Amino acid sequence: MSRVDFAYGAAHRLRMACRTAARHVGAGRRLLVYCTDERRLRRFDALLWEFEPASFIPHALAGDPLAGQADVILVADAETLAGMPSPGWLLNLDLDCPPRAERFERILEIVSGHEADVQAARRRWTLYQQAGHDVRGHRLPADHPAAGNHRGA
């Protein structure tokens, strides 16, 4: 089974997801990012280009000819995710658990203080536990750049 890490208390879920992706790419890991909400995935894609002006995170949509060279691959649907080889790590930006979660060594979940985000995360936590995954929670420190005021999910 997978280890699932929930980082909660992010002021802005997608900005924290960018920081998380940058940290993992910096550590030499490839990362799949799963989200079936097209609008949210587009916002995340745009943020990857602009969140740190001095750095670049090589990323591409699954199916893009450059996806094989990208460190971060954005996956928009369950069928595509199921057909992709697992790099071991998945960042879940969807409101539901990713399909076939057991394929991944680690699943990263980021939760803002936004009530809808918190409720969806609680449902995912329960489903992961029921499926036998090793689920762990981590509160982001209040002084973390992406923690604190809880203005957006």
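One definition before we start: accessible areas here come from the Shrake-Rupley method with a 1.4 Å probe. On that basis, the chain has an accessible surface of about 7,800 Å², and 51% of that belongs to carbon and sulfur atoms. And keep in mind, this is a predicted model.

So, the overall picture. We've got four helices and seven strands, and along the sequence they run β-α-β-α-β-β-α-β-β-α-β. The C-alpha trace spans about 40 × 40 × 30 Å along its principal axes. For 153 residues, a compact globule would have a radius of gyration near 15 Å, and the chain comes in at 14 Å, which agrees. Of those 153 residues, 44% count as buried. If you take the contacts with a separation of 6 or more, 70% are between residues 24 or more positions apart.

Now to helix α2, residues 38-50. At its start, a side-chain oxygen of D37 gets to within 3.0 Å of the backbone nitrogen of R39.

Which residues of α2 are buried? Those are R40, L41, F44, L47 and L48. Looking down the axis of α2, they fall within an arc of 120°, so they line one face of the helix. Why does that spacing work? An α-helix has 3.6 residues a turn, so residues three or four places apart point the same way. Over on the other side of α2, E38, R39, W49 and E50 are exposed. As for what covers the buried residues, that includes α1 (13-26) plus strands β2 (31-34), β3 (59-61), β4 (72-75) and β5 (89-92).

On to α4, residues 115-130. Same check on length: 16 residues at 1.5 Å a residue should span 22 Å, and the end C-alpha atoms are 23 Å apart, which agrees. Buried in α4 we have D117, V118, A120, A121, R124 and Y128. Down the axis of α4, the buried residues fall within an arc of 165°, so here too they line one face. E115, A116, R122 and Q130 are exposed on the other side of α4. The buried ones pack against α1 along with β1 (3-10), β5, β6 (106-112) and β7 (134-139).

Key: Residues numbered from 1 in each chain as written. Predicted model: local features only at pLDDT ≥ 70, side-chain atom pairs only at ≥ 80, totals over all residues. Heavy atoms only, no water. Buried < 20%, exposed > 50% of the residue type's maximum accessible area, 1.4 Å probe, protein only. Helix = DSSP H or I, 4+ residues; strand = E, 2+ residues; numbered from the N terminus. Arc of directions from axis to C-beta. Contact = heavy atoms within 4.5 Å. Polar contact = N/O pair within 3.5 Å; in protein donor to acceptor, adjacent residues only side chain to side chain. Expected span 1.5 Å × (residues − 1). Rg over C-alpha atoms; globule rule 2.2 N^0.38 Å.
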